[in-house]
Amino acid sequence: RSRSWKADDSERLSPYYHWASQIGQADAYLLQGKTAEARTYYERAEALLDRMTAELPMTSRRQLFLTQFEAGTGRYLKLLLSIQGAEGKVLEVIRHARVRALRTYAGGPRTARGQSKTAELLTRYSTLLAEREATQA
C-alpha cells in the first residue's frame with residue numbers, strides 16, 4: 001500500500017540528508033541569483049551541522065566525518081564575501097567553524113562537571129571573546 005509523503009516524514013530522514021537538502025537549496029538559489037534565500041539555507045545548514053557535530057560519538061573517525069561538510073561552509077563563506085558589508089558575518093562564521101572543528105578533538109581528560117578540559121577551555125574562550133567584542137562595540 002502506497003502513501004503520499006507528508007511534511008512530518010522529514011523527521012525520519014537522517015541528519016545528513018537534511019543537511020544535504022539545505023545545501024542543495026542554497027546552491028540552487030545562488031544559481032538563480034537569489035542571494036538572500038541562499039544565505040538563509042546556508043545558515044540553516046550550518047545550524048544543522050552544529051547539532052550533528054554535538055551528537056557524534058567520540059571516535060577517531062569523527063574528524064574524517066566532519067571534513068566532508070567543510071565544502072558547504074566554504075560556499076557559504078564565498079557567498080558572504082560577495083555581499084557588501086557582510087565582513088562581520090564572515091568573521092563570525094569562520095570563528096564558529098573553527099570552534100566546531102576544535103570541538104571535534106575535545107575528548108581528553110574530563111573535568112569535575114564531566115565535560116572535557118578542551119571543551120571547558122573552548123567555552124571559556126568563547127565567553128571571553130564575546131565579552132571583549134561587546135566592550136569594543
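This is a predicted model: local features need pLDDT of at least 70, side-chain atom pairs count only at pLDDT 80 or more; totals for chains, interfaces and linings use all residues.

Reader: Which helix is leucine 49 found in, and what is leucine 49 in contact with, leaving aside neighbours within four places in sequence?
Author: Leucine 49 belongs to helix H2, which runs over residues 35–55. Once neighbours within four places are set aside, its contacts are Trp19, Leu66, Phe69, Thr73 and Arg100.

Reader: What does threonine 73 touch, again not counting residues up to four places away?
Author: Threonine 73 has its place in helix H4. With a relative accessible area of 7%, threonine 73 is buried. The residues it touches are Glu46, Leu49, Val93, Ala97 and Arg100.

Reader: How far apart are leucine 49 and glycine 72, C-alpha to C-alpha?
Author: Along the sequence, leucine 49 and glycine 72 are 23 residues apart. In space, the C-alpha to C-alpha figure is 9.8 Å.

Reader: What end-to-end C-alpha distance does helix H4 have, and what should it span?
Author: Helix H4 covers residues 70–82, so 13 residues at 1.5 Å a residue should span 18 Å. The model agrees with that, as the end C-alpha atoms of H4 are apart by 19 Å.

Reader: Which residues of H4 are buried, and what arc do they cover around the axis?
Author: The buried ones in H4 are Gly72, Thr73, Tyr76, Leu77, Leu79 and Leu80. They lie on the same side of H4, because the arc they cover around the axis is only 160°.

Reader: And which exposed residues are on the face of H4 turned away from that buried side?
Author: Exposed here needs over 50% relative accessible area. The face turned away from the buried side of H4 carries Glu70, Lys78, Leu81 and Ser82.

Reader: Okay, rings next. Which residues do ring pairs link into a cluster?
Author: Searching the whole structure turns up 4 aromatic pairs. The cluster linked by ring pairs is made up of Tyr16, Tyr17 and Trp19.

Reader: How far is the charged end of arginine 44 from the centre of the tyrosine 41 ring?
Author: The charged end of arginine 44 sits over the ring of tyrosine 41. Its distance from the ring centre is 4.7 Å.

Reader: Last one: where is the pLDDT below 50?
Author: The protein averages a pLDDT of 79, with 72% of the residues scoring at least 70. One stretch is below 50, and in the model it has 11 contacts beyond near neighbours in sequence: residues 107–112.

Definitions and conventions
Residues are numbered from 1 along each chain as its sequence is written. Side-chain values use heavy atoms; hydrogens and water are left out. Helices (H or I, at least four residues) and strands (E, at least two) are DSSP runs, numbered from the N terminus. The expected span of a helix is 1.5 Å times one less than its number of residues. Buried means under 20% relative accessible area, exposed over 50%, partly exposed in between (1.4 Å probe, protein chains only). The arc is that of the directions from the helix axis to the C-beta atoms. Rings of Phe, Tyr and Trp (its six-membered ring) pair if their centres lie within 6.5 Å; planes under 30 degrees apart count as stacked, over 60 as edge-to-face and the rest as tilted. A charge sits over a ring if NZ of Lys or CZ of Arg is within 6 Å of the ring centre and within 35 degrees of the ring normal. pLDDT is the predictor's confidence in each residue, from 0 to 100. Contact means heavy atoms within 4.5 Å.
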